[in-house]
Amino acid sequence: MRRSLFGRLWPNATAVVLFIGCVFPVYWMFATAFKPTGDIISEDPVWFPLHPTLEHFKTAVDADHFGTFVRNSFTVTILAVVFSLVIALAGSFALARMRFRGRRGFIVGFMLAQMAPWEVMVIAIYMIVRDASMLNSLVPLTLFYTMMILPFTILTLRGFVAAVPRELEESAMVDGCTRAQAFRRVILPLLAPGLMSTSMFGFITAWNELPLVLVVNKDAEAQTLPLWLTQFQTVFGDDWGATMAASTLFAIPILILFVFLQRRAVSGLTDGAVKG
């Protein structure tokens with residue numbers, strides 16, 4: 001009995017500790033955003049904002065070019081996700097359904113591209129953008145964010161396409177559909193979980209990216225929200241209240257996306273990882 005009780009207790013206790021460790025920094029960010037400055041700099045930690053204030057949110061929103069940064073972030077992120085999905089749908093279908101020489105090497109290449117840290121390529125990307133006279137533009141950001149998202153998107157969707165029985169596609173073609181029509185009417189609706197999971201991954205990746213935009217876009221009119229988070233510094237030190245408020249605002253779109261897509265996204269990530 002004792003061994004059985006211990007065997008059930010320690011996994012649950014470990015899960016609780018891990019949960020607290022993951023959630024507490026997020027809670028502290030939200031709580032600090034609503035605390036008055038006096039509570040933030042107090043030597044004794046204030047665990048809950050007893051006198052909540054929106055002052056720090058006003059400071060964050062009133063920062064220079066806030067509206068521009070919001071527009072730029074949503075523009076490059078949404079475009080990168082859409083472009084990567086369109087390209088990945090064709091690429092994943094080819095890898096899952098067609099047999100051609102070099103197919104395995106092609107897949108290994110995508111895996112290697114996914115594992116490679118993009119930060120080591122920032123200098124090379126900067127030189128390409130500079131030589132193309134595209135500095136301080138959203139176009140290179142959109143293109144390179146698409147490239148960052150694409151390997152994972154193709155590999156994940158490939159698993160979903162491979163999991164769809166060929167008979168469904170062949171039946172649609174027997175009934176008069178072309179291959180493209182069979183893909184659009186039969187396969188595409190079944191890829192919804194994979195599209196959800198890859199969209200969420202792509203959105204988070206592009207939304208959080210900082211090194212590239214820091215290097216290629218020096219003009220504030222072409223910068224994004226991650227750079228906005230670095231602005232809350234004064235000659236007297238960091239404005240932690242405004243920084244936490246800005247971080248809270250920055251995290252809200254991701255939280256909203258996760259709330260709406262969590263069920264399909266989780267099943268999509270697990271299914272796409274083991275199928276095909």
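The model is predicted: local features need pLDDT of at least 70, side-chain atom pairs count only at pLDDT 80 or more, and totals for chains, interfaces and linings use all residues. Residues are numbered from 1 along each chain as its sequence is written, and side-chain values use heavy atoms, leaving out hydrogens and water.

I start with helix α4, residues 66–97, and helix α10, residues 192–208. Helices here are DSSP runs of H or I, at least four residues, numbered from the N terminus. The axes of α4 and α10 come within 9 Å and cross at roughly 140 degrees. Axes are lines fitted to C-alpha atoms over the stretch in contact, with angles from 0 to 180 degrees between N-to-C directions. That angle makes α4 oblique to α10; oblique is what remains after under 35 degrees (roughly parallel), over 145 (roughly antiparallel) and 65 to 115 (roughly perpendicular). Residues of α4 in the contact (heavy atoms within 4.5 Å) include F74, V81 and L85, and those of α10 include L195, F203 and W207.

Next, helix α5, residues 103–115, packs on helix α7, residues 138–163, at about 130 degrees, with the axes 8 Å apart. This pair is therefore oblique as well. Among the residues that meet are I107 and F110 of α5, and F152 and L155 of α7.

Last, the surface. V16, F19, I20, V23, F24, Y27, W47, F48 and L50 make a nonpolar patch of about 950 Å². I20 is in helix α1, residues 2–34.

Key
Patches are made of residues with over 30% relative accessible area and no salt bridge: like charges are joined within 9 Å, nonpolar side chains (Val, Leu, Ile, Met, Phe, Trp, Tyr) within 5 Å. Accessible areas come from the Shrake-Rupley method with a 1.4 Å probe; for residues, only the protein chains shown count as cover. A salt bridge is a side-chain nitrogen of Lys or Arg within 4 Å of a carboxyl oxygen of Asp or Glu. Helices (H or I, at least four residues) and strands (E, at least two) are DSSP runs, numbered from the N terminus.
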